[in-house]
Amino acid sequence: MTTTTVSTATGRSRVGRTGPSRRTVAPGTIGRVVVLAIATVLTLGPVLWTLWIAVTPQVAGSGQTRFGLSAFVDVFSKVDMVLLVWNSALVTGLCAVGQMFTAALAGYAFARIDFRGSRALFGIVLATMMVPLQVTIVPVFMLIRGMGLSDTLLALILPAIPTAFGTFLMRQYFLGLPAELAEAAAIDGASPLRTFTSIYAPLAMPGLAIVGILAFNYHWNEFFRPLILTISEQNFTPPLGRFTLQENLGAGSVSTVLAGVALSMIPALVVFFVGQRPLREGLAGTSK
């Protein structure tokens with residue numbers, strides 16, 4: 001608000017308000033808003049299009065669309081969606097828990113235990129992140145078949161438990177925690193394992209939440225490994241189930257396929273919203 005002074009006939013001055021002042025917007029702010037708006041459209045656009053096509057299937061023989069949930073009903077009639085979700089939840093949950101366990105132990109060993117060859121071994125672990133999955137899938141398949149686990153859910157779980165990225169992430173997280181805690185525990189006679197389980201592991205829960213959430217999101221949407229390592233439909237996961245909805249030569253209904261996509265997104269969204277706060281805390285902790 002701006003004020004003005006008006007002189008009256010008696011010689012006194014009167015202060016009045018002329019109205020709100022105009023606020024200028026910096027060009028940098030406008031640019032950020034435009035960039036964020038474009039990013040929002042590019043991110044949410046495919047999701048909204050998927051939902052719209054799923055709820056507006058075409059009427060057979062007429063070529064016209066009709067709003068309704070018939071595509072979702074068609075999904076349950078063509079595939080056993082409950083079994084697919086159960087298989088994926090079992091595989092994804094065990095993979096996430098297994099990666100959290102192995103990443104915590106390996107990350108703590110590389111961060112807090114000084115042993116010969118630790119740097120070289122850690123470099124080898126990081127180097128495995130550069131190897132594409134397609135390169136290792138044949139040796140993994142041969143090992144799984146040699147163990148008698150072909151076409152089982154264990155074939156999807158066991159090879160996914162070791163994680164190079166999770167090991168790197170947890171090592172960085174443990175390096176950010178005070179080293180004096182381990183020194184105090186050693187003075188009290190605690191072993192490295194006791195120090196890990198009683199002190200460092202509870203403090204590393206935000207970092208473990210990151211590993212678990214990222215593992216869940218990756219393996220829930222995984223398509224390549226289940227396609228190679230499983231054959232029977234009772235071991236399929238939702239990505240393979242959505243593929244079967246396309247039918248022969250992709251002749252299936254697009255609305256039915258996208259309805260299956262929308263249904264498979266629900267668990268991932270629930271996990272994301274539930275774990276959003278631990279994810280932020282963990283990212284803040286690893287950036288220290």
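**Helix packing and a loop contact in a predicted model**

Biologist: Is Thr195 buried or exposed?

Modeller: Thr195 is buried, with a relative accessible area of 4%. Please note that this is a predicted model.

Biologist: Why does 4% count as buried?

Modeller: The cut-off for buried is under 20% relative accessible area, so Thr195, at 4%, falls in that class.

Biologist: Which element holds Thr195, and which residues does Thr195 touch?

Modeller: Thr195 belongs to helix H9, which covers residues 192-203. Not counting residues up to four places away in sequence, Thr195 is in contact with Tyr108, Ala182, Ala185, Ala190 and Tyr200.

Biologist: Stepping back, how many helices and strands does the chain have?

Modeller: There are 14 helices and two strands in the chain. Of its 288 residues, 33% are buried.

Biologist: And what share of the contacts joins residues at least 24 apart?

Modeller: That share is 66%, taken among contacts between residues at least 6 apart in sequence.

Biologist: Turning to helix packing, at what angle do H4 and H7 pack?

Modeller: Helix H4 (residues 118-127) packs against helix H7 (residues 164-175) at an angle of about 130°, and their axes are 8 Å apart. That angle makes H4 oblique to H7. The crossing of H4 past H7 is left-handed.

Biologist: Which residues meet there?

Modeller: H4 contributes Phe122, Val125 and Leu126, which meet Ala164, Thr167, Phe168 and Arg171 of H7. The residues of this contact comprise five nonpolar, one polar and one charged.

Biologist: Another topic: where is Asp151, and what is its phi?

Modeller: Asp151 sits in the loop between helix H5 (133-146) and helix H6 (154-157). Its phi is positive, about 55°, although Asp151 is not a glycine. At 22% relative accessibility, Asp151 counts as partly exposed.

Biologist: Which residues does Ile231 contact?

Modeller: Leaving aside neighbours within four places in sequence, Ile231 is in contact with Asp151 and Phe236. Ile231 is located in the loop between helix H11 (224-229) and helix H12 (238-245).

Biologist: How far apart are the C-alpha atoms of Ile231 and Thr152?

Modeller: They are separated by 8.8 Å, while Ile231 and Thr152 are 79 residues apart along the chain.

Biologist: Finally, is Ile231 buried or exposed?

Modeller: Ile231 counts as exposed, because its relative accessibility is 67% and the cut-off for exposed is over 50%.

Note on methods: Residues are numbered from 1 along each chain as its sequence is written. This is a predicted model: local features need pLDDT of at least 70, side-chain atom pairs count only at pLDDT 80 or more; totals for chains, interfaces and linings use all residues. Side-chain values use heavy atoms; hydrogens and water are left out. Helices (H or I, at least four residues) and strands (E, at least two) are DSSP runs, numbered from the N terminus. Buried means under 20% relative accessible area, exposed over 50%, partly exposed in between (1.4 Å probe, protein chains only). Contact means heavy atoms within 4.5 Å. Axes are lines fitted to C-alpha atoms, for helices over the stretch in contact, and angles run from 0 to 180 degrees between N-to-C directions. Angles under 35 degrees count as roughly parallel, over 145 as roughly antiparallel, 65 to 115 as roughly perpendicular and the rest as oblique. A crossing is left-handed if the near helix is turned anticlockwise from the far one by less than a right angle, and right-handed if clockwise. Ala, Val, Leu, Ile, Met, Phe, Trp, Tyr, Cys and Pro count as nonpolar, Asp, Glu, Lys and Arg as charged, and the others, Gly among them, as polar.
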